[in-house]
Amino acid sequence: MFISAKFNSICNETGRSIKKGEMIYWIRSTKKVYCKDSNTYKQAIECGLFLGIGIDQFDREFRLFNPLLYFV
């Protein structure tokens with residue numbers, strides 16, 4: 001899901017530092033965060049736009065149809 005970073009952290013894909021307040025893509029099941037420069041972030045946006053749904057709805061639907069994500 002897309003959220004505003006609640007504290008400083010580091011992107012799991014790029015290693016870039018993330019400042020508090022930046023928009024990030026967070027995967028709840030893995031507790032991983034991705035910055036706007038990461039491919040994971042960009043793909044999540046592209047998939048949501050392609051499906052014509054809101055990002056939050058996309059995140060919920062994506063998890064429902066991809067149960068293996070809970071075990072990554």
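A pocket, as the word is used here, is an open set of grid points with protein on both sides within 12 Å along at least five of seven lines. With that in hand, let's walk through this predicted model, starting at its second largest pocket, which holds about 160 Å³ of space.

Who lines this pocket? The residues around the second largest pocket are I3, A5, K6, F7, S9, I24, W26, K31 and V33. Sorted by class, that lining comprises 6 nonpolar, 1 polar and 2 charged residues.

K31 sits in the loop between strand 4 and strand 5 (32-34). Its backbone is worth a look in your viewer: K31 has a positive phi of about 65°, although K31 is not a glycine. Is K31 buried or exposed? K31 counts as exposed because its relative accessible area is 57%, and the cut-off for that label is over 50%.

E22 has a relative accessible area of 18%, so E22 is classed as buried, the limit being under 20%.

What does the side chain of E22 reach? It makes a polar contact with the side chain of R16 at 3.1 Å, and it also comes to 3.0 Å from the backbone nitrogen of K19. Leaving aside residues up to four places away in sequence, E22 touches I3, S4, A5, R16 and S17.

Note on methods
Residues are numbered from 1 along each chain as its sequence is written. This is a predicted model: local features need pLDDT of at least 70, side-chain atom pairs count only at pLDDT 80 or more; totals for chains, interfaces and linings use all residues. Side-chain values use heavy atoms; hydrogens and water are left out. Buried means under 20% relative accessible area, exposed over 50%, partly exposed in between (1.4 Å probe, protein chains only). A polar contact is a pair of N or O atoms within 3.5 Å; within protein, one must be able to donate a hydrogen and the other to accept it, and residues adjacent in sequence count only if both atoms are side-chain atoms. Contact means heavy atoms within 4.5 Å. On a 1 Å grid over the protein atoms alone, a cavity is a set of points where a 1.4 Å probe fits but cannot get out, and a pocket is an open set with protein on both sides within 12 Å along at least five of seven lines; lining residues have an atom within 4 Å of a point. Grid points are joined across faces, edges and corners, and a volume is the space filled by probe spheres set on the points. Ala, Val, Leu, Ile, Met, Phe, Trp, Tyr, Cys and Pro count as nonpolar, Asp, Glu, Lys and Arg as charged, and the others, Gly among them, as polar. Helices (H or I, at least four residues) and strands (E, at least two) are DSSP runs, numbered from the N terminus.
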